[in-house]
Amino acid sequence: MVGVAVGGGGTSFGVADSLGGGHSDMFQSAVYSFSRFGAAYVAAALAYAWQAETTGRFPLVAGAEQLSAGFSANNVGGRVEGGYRFGIGNPFGLPEIGLIPYGALQMQAFRTPAYNESSASGASPFALAYAAQTTTVSRTELGAWLDGAVALDNGAILALRTRAAWGYDRWSGLAINAAFQSLPGSGFTVVGAVPAHDSLLASLGAEIAFRNGISVAALLDTALSSNSQTYIESLRIRYIW
C-alpha cells in the first residue's frame with residue numbers, strides 16, 4: 001500500500017504573566033507505504049511541513065513595548081517501522097489474539113532562519129537578532145502490540161488494539177543564539193527545557209467496521225517520562241469503496 005497525505009493547521013502559545021506569545025500557520029505533506037510479507041510487515045513515511053511563524057514579547061524593562069518577529073520554518077521527518085505478528089490462541093472467546101513485537105526508527109529536523117525582532121515604536125535597544133538554527137531529534141522505539149477481532153451482528157467487525165513500548169529520544173540544537181541588535185558583540189545563548197530521553201509509550205484503540213464500507217475508530221496514545229506527560233485522543237470516521 002502506498003499513499004499521500006496533505007494537511008494544514010495552526011498552533012499558538014502564550015507565556016505566563018503576559019510576557020508574550022506566538023502563532024504559526026502550517027502546511028504539511030507526506031508519502032507513506034506499508035508492505036506485508038506473510039506475518040511480517042514494514043512501514044515507512046516521509047513528511048515535510050512549512051510553517052509561517054510570528055512571535056511577540058513584552059520585555060519587563062521596556063514597559064508595554066511589544067517586540068515582534070516573523071519568519072518561515074521548515075520541518076522534515078521520516079520513520080521506518082517493522083514487526084512480526086504471532087497468533088497466541090483463542091482466550092476470552094476471541095477468534096485469535098495477536099502479539100506483534102515491533103521496532104521503529106524516527107528522525108526529524110526543524111530549521112528556522114536568522115531573523116530580527118522589530119518594534120512598532122521604531123528602533124528598540126531591547127530588540128534581539130536570532131541566528132539560524134536547526135534542531136534534530138531521533139527516536140528509537142521497541143515494544144509490542146496486542147490485537148484481536150470480534151464478529152458482531154450484520155457482518156460488522158470490532159477490532160481491539162493495545163500497545164506498550166519504550167521510546168528513546170536524542171536531541172541536538174537545544175540552545176538558541178541571540179544578540180541585541182543595537183549592541184555589537186552582545187551575543188548570548190538561551191537554553192530551553194531539556195526533554196527526557198526515555199519514555200513509556202502506551203496506546204489503546206477500538207474500531208468497528210461495517211459491511212457498507214464505513215468504519216468508526218477511537219484511539220488513545222500516551223507518552224510518559226520523568227518530566228512530561230503527553231495524551232493524544234483521536235476519533236476517525238472512514239468510508240472505503
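Visitor: Which element gives the most to the nonpolar patch?
Guide: Strand β3 does, with three residues. Before we go on, this is a predicted model, where local features need pLDDT of at least 70 and side-chain atom pairs count only at pLDDT 80 or more, while totals for chains, interfaces and linings use all residues. Residues are numbered from 1 along each chain as its sequence is written, and side-chain values use heavy atoms, with hydrogens and water left out.

Visitor: OK, and which residues form that nonpolar patch on the surface?
Guide: V4, V6, F27, V31, L46, Y48, W50 and V76, with about 760 Å² of accessible area together. The elements giving two or more residues are β1 (2-15), β2 (20-37) and β3 (40-57). A patch takes residues with over 30% relative accessible area and no salt bridge; like charges are joined within 9 Å, and nonpolar side chains (Val, Leu, Ile, Met, Phe, Trp, Tyr) within 5 Å. Areas come from the Shrake-Rupley method with a 1.4 Å probe, and for residues only the protein chains shown count as cover. Strands (E, at least two residues) are DSSP runs, numbered from the N terminus.

Visitor: Where does F27 lie?
Guide: F27 is in strand β2. F27 counts as partly exposed because its relative accessibility is 44%. Buried means under 20% relative accessible area, exposed means over 50%, and partly exposed is in between (1.4 Å probe, protein chains only).

Visitor: Let's go inside. Which residues make up the largest nonpolar core?
Guide: That core has eight residues: Y41, I100, Y102, A104, W145, A165, L201 and A223. Strand β6 (residues 97-112) supplies the largest share, three residues. A core here is a set of buried Ala, Val, Leu, Ile, Met, Phe, Trp, Tyr and Cys residues joined through side-chain atoms within 4.5 Å. A second, separate core of seven residues includes A69, F71, A73 and A178.

Visitor: Switching to rings, how many aromatic pairs are there?
Guide: Seven. Rings of Phe, Tyr and Trp (its six-membered ring) pair if their centres lie within 6.5 Å; planes under 30 degrees apart are stacked, over 60 edge-to-face, and the rest tilted. F71 and Y115 are a stacked pair, because their ring centres are 4.2 Å apart and their planes sit at 20 degrees. F71 is in strand β4 (residues 67-84) and Y115 in strand β7 (residues 115-116), 44 residues apart.

Visitor: And which cluster do ring pairs make there?
Guide: Ring pairs link F71, Y115 and Y130 into a cluster. F71 counts as buried at 13% relative accessibility, Y115 at 16% and Y130 at 17%.

Visitor: What about charges, how many salt bridges?
Guide: The count is 10, where a salt bridge is a side-chain nitrogen of Lys or Arg within 4 Å of a carboxyl oxygen of Asp or Glu. R79 pairs with E141, their closest N and O atoms 3.1 Å apart. That bridge links strand β4 to strand β10, 62 residues apart.

Visitor: Is E141 buried or exposed?
Guide: Buried, because its relative accessibility is 4%. E141 also forms a salt bridge with R139, at 3.7 Å.

Visitor: What does R139 meet besides that?
Guide: R139 meets D169 in a salt bridge at 2.9 Å, N to O. Both R139 and D169 are buried. Salt bridges that share partners join R79, E81, R139, E141, R163, D169 and D221 into one network.

Methods:
Helices (H or I, at least four residues) and strands (E, at least two) are DSSP runs, numbered from the N terminus.
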